[in-house]
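Dear colleague,

Please find below the structure I promised to hand over, together with its sequence. A summary of the findings follows it.

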Amino acid sequence: MLDKSVTRFTELLASKAAVPGGGGASALVGALGIALGSMVGELTVGKKKYAAVEEDVRALMEKAQDLRLRLLEGVNRDAAAFEPLSRAYGIPRDDPSRDEIMEQCLKDAAAAPLEILELCCQAIELHRGFADMGSVLAVSDAATGVMFCQSAMYGAAINVKVNTKSMKDRAYAEALNARVDELVAQYRPIAEQVYEAVYRRFC
């Protein structure tokens, strides 16, 4: 997926192809969001005005680089997990192996967006630092980036739940749902606070 041009990726996304889908798109949006945070860092370090926070900003940039790469990898992981599930739906309902295969495919398909969700939450936390310490000339990009990451978080969350809804193992499904709800509840207000704090600077 990552070797495709933006044009081709969006063509596939707009088509009836099984992949990419919402999970992979969320991973890409999250990667774009944290890349904006990295840009804020790049425009901050080396400036005399921000010398007092340079070490902290560089630490944020290192973490952001890791998150960006992991989110990009999430595009492929999500595609790799969903393709077997799309094939499993085609197994005849009277096939005795169908339920077991479907259950495993559902669990695998839920694991990828859950990881994407967790990475987006980490990215939201980093944006708080970029917005607080970053160059005033680029702080709007931190606000933009945190909203990208929030949107990606929401996208990943719903892609976990669409899979847990069909699982037979309800204890496992509810544990995943609880984890999703916990993360969204924790990081949604952080993202909104970061955005609003930057937005108010221009009011």
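A crossing of two helices is called left-handed if the near helix is turned anticlockwise from the far one by less than a right angle, and right-handed if it is turned clockwise. By that convention, helices H2 and H4 cross in the left-handed sense. Please note that this is a predicted model.

Packing of H2 and H4

Two packed helices are described by the angle between their axes and the distance between the axes. For H2 (residues 22-42) and H4 (residues 98-133), the axes come within 10 Å and cross at roughly 20°. Angles under 35 degrees count as roughly parallel, and H2 and H4 are therefore roughly parallel to each other. On the H2 side, the contact is made by Gly-23, Ser-26, Ala-27, Gly-30, Gly-33, Ile-34, Leu-36, Gly-37, Ser-38, Val-40 and Gly-41. H4 contributes Ile-116, Cys-120, Ala-123, Leu-126, His-127 and Phe-130. Sorted by class, the residues of this contact are nine nonpolar and eight polar, with no charged residues.

The chain as a whole

The protein chain has six helices and zero strands, giving the pattern α-α-α-α-α-α along the sequence. Its C-alpha atoms fill a box of roughly 70 × 35 × 30 Å along the principal axes. Of its 203 residues, 44% count as buried. Among contacts between residues at least 6 apart in sequence, 77% join residues at least 24 apart.

Two residues of H6

Asp-181 lies in helix H6, which spans residues 170-201. The side chains of Asp-181 and Lys-161 are joined by a polar contact of 2.6 Å.

With a relative accessibility of 12%, Asn-177 counts as buried, because buried means under 20%. Leaving aside residues up to four places away in sequence, Asn-177 touches Lys-161, Thr-164 and Arg-170.

With kind regards

Notes. Residues numbered from 1 in each chain as written. Predicted model: local features only at pLDDT ≥ 70, side-chain atom pairs only at ≥ 80, totals over all residues. Heavy atoms only, no water. Helix = DSSP H or I, 4+ residues; strand = E, 2+ residues; numbered from the N terminus. Polar contact = N/O pair within 3.5 Å; in protein donor to acceptor, adjacent residues only side chain to side chain. Axes fitted to C-alpha atoms, helices over the stretch in contact; angles between N-to-C directions. Parallel < 35°, antiparallel > 145°, perpendicular 65-115°, else oblique. Contact = heavy atoms within 4.5 Å. Nonpolar A, V, L, I, M, F, W, Y, C, P; charged D, E, K, R; others polar. Buried < 20%, exposed > 50% of the residue type's maximum accessible area, 1.4 Å probe, protein only.
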